[in-house]
Amino acid sequence: MSDILEQLAGYGVVPVVVLNRAEDAKPLAEALCKGGLKCAEVTFRTDAAEESIKIMTENFPDMLVGAGTVLTIDQVDRAVAAGAKFIVSPGFDPEIVDYCLSKDILVLPGCVTPSEVAQGVKRGLKVLKFFPAEQAGGLAMIKAMAAPYTNVKFMPTGGINAKNLEEYLSFGKIAACGGSWMVKADLVDNKQYDKIEAMTREAVELVKKIRG
């Protein structure tokens with residue numbers, strides 16, 4: 001699990017992908033990989049998510065693909081069977097977290113309060129999702145919670161974009177940021193993969209500039 005966390009931290013940005021059609025999974029994954037981000041969080045909000053994860057992992061075995069918006073244990077099982085290497089949930093669901101830990105599956109549960117962070121710390125989690133980031137107080141809130149919980153890092157998601165990425169990644173307690181600005185639904189629906197690749201490459205260059 002630590003290897004996966006290191007990879008996510010190395011990328012700095014994790015594209016949060018919503019796919020309504022599984023047929024879009026392969027060209028989208030190709031665009032992300034060409035742009036330099038061999039990772040993605042495919043949300044389980046759509047019926048195409050499971051098949052999309054399978055397509056991505058089969059065609060791009062070096063790509064680190066996870067499942068997001070996971071709300072049930074059944075979704076955990078389906079996502080992992082499809083090839084997902086990590087699980088992301090919007091909130092802290094003890095049942096999902098404990099199940100993933102029992103199966104040695106990396107889980108990044110959503111947290112917005114010190115009480116939720118405490119539950120993660122109790123379970124030995126090293127990285128927690130902070131969602132919805134901008135709406136829940138942004139970097140100021142993360143800094144406030146990071147002060148007492150010194151061994152935890154965060155992956156803020158929600159409202160992150162190219163304009164505020166530097167603000168977040170400049171703080172040492174940020175492992176990576178989840179973002180959808182380079183994989184917006186309209187870009188995927190219109191099959192603008194060249195633009196997705198270009199925006200992904202810009203994100204990669206921005207991370208390099210920020211972190212050196």
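The model is predicted: local features need pLDDT of at least 70, side-chain atom pairs count only at pLDDT 80 or more, and totals for chains, interfaces and linings use all residues. Residues are numbered from 1 along each chain as its sequence is written, and side-chain values use heavy atoms, with hydrogens and water left out.

User: How far apart are the end C-alpha atoms of α10?
Analyst: The expected span of a helix is 1.5 Å times one less than its number of residues. For the 19 residues of α10 this gives 27 Å, and the model agrees, because its end C-alpha atoms are separated by 27 Å.

User: What covers the buried residues of α10?
Analyst: Buried means under 20% relative accessible area, exposed over 50%, and partly exposed in between (1.4 Å probe, protein chains only). The buried residues of α10 are Y193, I196, E197, M199, T200, A203, V204, L206, V207 and I210. Their cover includes α1 (2–11), β1 (13–17), α2, α8 (165–169) and α9 (185–189).

User: At roughly what angle do the axes of α2 and α10 cross?
Analyst: Axes are lines fitted to C-alpha atoms, for helices over the stretch in contact, and angles run from 0 to 180 degrees between N-to-C directions. P27, L28, A31, L32, K34 and G35 in α2 meet Y193, I196, E197, T200, R201 and V204 in α10, where contact means heavy atoms within 4.5 Å. The axes of α2 (residues 25–35) and α10 come within 7 Å, and they cross at roughly 35°.

User: Is the crossing of α4 and α5 left-handed or right-handed?
Analyst: The axes of α4 (residues 73–82) and α5 come within 9 Å and cross at roughly 35°. I73, V76 and D77 in α4 meet E95, I96, Y99 and C100 in α5. A crossing is left-handed if the near helix is turned anticlockwise from the far one by less than a right angle, and right-handed if clockwise; that of α4 and α5 is right-handed.

User: What is the C-alpha to C-alpha distance between V97 and R123?
Analyst: V97 is found in helix α5 (residues 94–102) and counts as buried because its relative accessibility is 1%. Leaving out residues up to four places away in sequence, V97 touches F92, V107, P109, R123 and L125. V97 and R123 are 26 residues apart in sequence, and their C-alpha atoms are separated by 8.7 Å.

User: Why does L108 count as buried?
Analyst: L108 is found in strand β5 (residues 106–111). Beyond its neighbours within four places in sequence, its contacts include L5, L8, F86, I87 and V88. L108 counts as buried because its relative accessibility is 1%.

User: Which residues does T46 touch, not counting residues up to four places away in sequence?
Analyst: T46 lies in the loop between β2 (39–43) and α3 (49–59). Its relative accessibility is 14%, so T46 counts as buried. With residues up to four places away in sequence not counted, T46 touches V18, L19 and N20.

Methods
Helices (H or I, at least four residues) and strands (E, at least two) are DSSP runs, numbered from the N terminus.
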